[in-house]
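Reader: Hey, I've just opened this one and I'm new to it. Could you walk me through a few spots?

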Amino acid sequence: MDVLLTNDDGIDAAGLGVLYRTLDAMDDVTVTAVAPVDDQSAVGRALNHEVDIRTHEYGYAVEGTPTDCVVAALGALDIDPDIVVSGCNRGANLGEYVLGRSGTVSAAVEAAFFDVPAIAVSLYVPLSEDFVFAETETPASAYALAADTTEYLVANTLDSGVFEHADYLNVNCPVAEQAPTEMVVTRPSHTYDMDAERDGDTIHIKDRIWKRMADGDIPDAEGTDRRTVVDGKVSVSPLTAPHTTEFHPGLDALAAEFDG
């Protein structure tokens, strides 16, 4: 099996390194990483028309976005993977509103448009009052459960028929603990709690759901990705990449009456 590995935290991020070593140790698996040189978090499916590339011990480092990496790998680097793995991202990617924003998930979406099955993997890092996310490192050991989950899904999904119904999987894992946990098939949460505050000429944009997650105050029902991860379980959401078109007689009537 050939695996293309990418991410949005950068090719030297701890999460990608853990997944590279885990997948590379599997029998009959060849892993090639094509990942951004630096942090490209929350860039969505942003695309450049020209990117520089250099070799790396894991494969290739690209001066670009996760989407650039997937397109470059599949279009110009003579890589023909059986599956694309994006991650492991430091920080969860949960909820419908995050799917188009996340660089991690966007790499999986791009792979799906190439008709290559993909798995996006993220680590939920709980916040607390004295925890500053940007200033705190997450040790490689915290990714152990995410690595085991990724290895299991890579080894078993291609022959299971999963990708006959889903284009990609969005996987979110809690930080590794000693106690075993379970895997739950989920749906993305509908909860949306973005807000903005003005301070003179500056506007602060905040995703308030993170504090609510830290406080345990989330409205998500059983079976949603966020509820599952906060409860300490592995969330796997089977998703499709193309936008579904819904036909509606009201819009048909408006189109028919348009006189341009």
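Reader: Let's start with Ser235. Is Ser235 buried or exposed?
Author: Keep in mind that this is a predicted model. Ser235 is buried, as its relative accessible area is 0%, and the cut-off for buried is under 20%.

Reader: OK, and where does Ser235 lie?
Author: Ser235 is part of strand 11, which covers residues 234–239.

Reader: What does the side chain of Ser235 make a polar contact with?
Author: With the side chain of Thr186, at 2.7 Å.

Reader: Switching topic: which residues gather in the patch of negative charge?
Author: That surface patch brings together Asp2, Asp78, Asp80 and Asp82. Asp2 belongs to strand 1, residues 2–6.

Reader: Why does Asp2 count as partly exposed?
Author: Because its relative accessibility is 35%, and partly exposed covers the range between under 20% for buried and over 50% for exposed.

Reader: Got it. What about the backbone, then? What is the phi of Asp28?
Author: Asp28 has a phi of about 55°, which is positive even though the residue is not a glycine. You'll find Asp28 in the loop that runs between helix 1 (14–24) and strand 2 (30–36).

Reader: And is Asp28 buried or exposed?
Author: Asp28 counts as exposed, with 73% relative accessibility.

Reader: Which loop does Ala42 lie in?
Author: Ala42 sits in the loop between strand 2 and strand 3 (53–56). Ala42 is another non-glycine residue with a positive phi, near 65°. At 51% relative accessibility, Ala42 counts as exposed, since the cut-off for that is over 50%.

Reader: Last one: where is Phe113 found?
Author: Phe113 is in helix 4, which spans residues 103–113. Phe113 is partly exposed, with a relative accessible area of 43%.

Reader: How many Å separate the C-alpha atoms of Phe113 and Glu63?
Author: They are separated by 22 Å, and the two residues are 50 residues apart along the chain.

Methods:
Residues numbered from 1 in each chain as written. Predicted model: local features only at pLDDT ≥ 70, side-chain atom pairs only at ≥ 80, totals over all residues. Heavy atoms only, no water. Patch = residues over 30% accessible without salt bridge, like charges linked within 9 Å, V, L, I, M, F, W, Y side chains within 5 Å. Areas by Shrake-Rupley, 256 points an atom, 1.4 Å probe, with all protein chains shown as cover. Salt bridge = Lys/Arg side-chain N within 4 Å of Asp/Glu carboxyl O. Lys, Arg positive; Asp, Glu negative; His and termini not counted. Charge placed at Lys NZ, Arg CZ, Asp CG, Glu CD. Helix = DSSP H or I, 4+ residues; strand = E, 2+ residues; numbered from the N terminus. Buried < 20%, exposed > 50% of the residue type's maximum accessible area, 1.4 Å probe, protein only. Polar contact = N/O pair within 3.5 Å; in protein donor to acceptor, adjacent residues only side chain to side chain.
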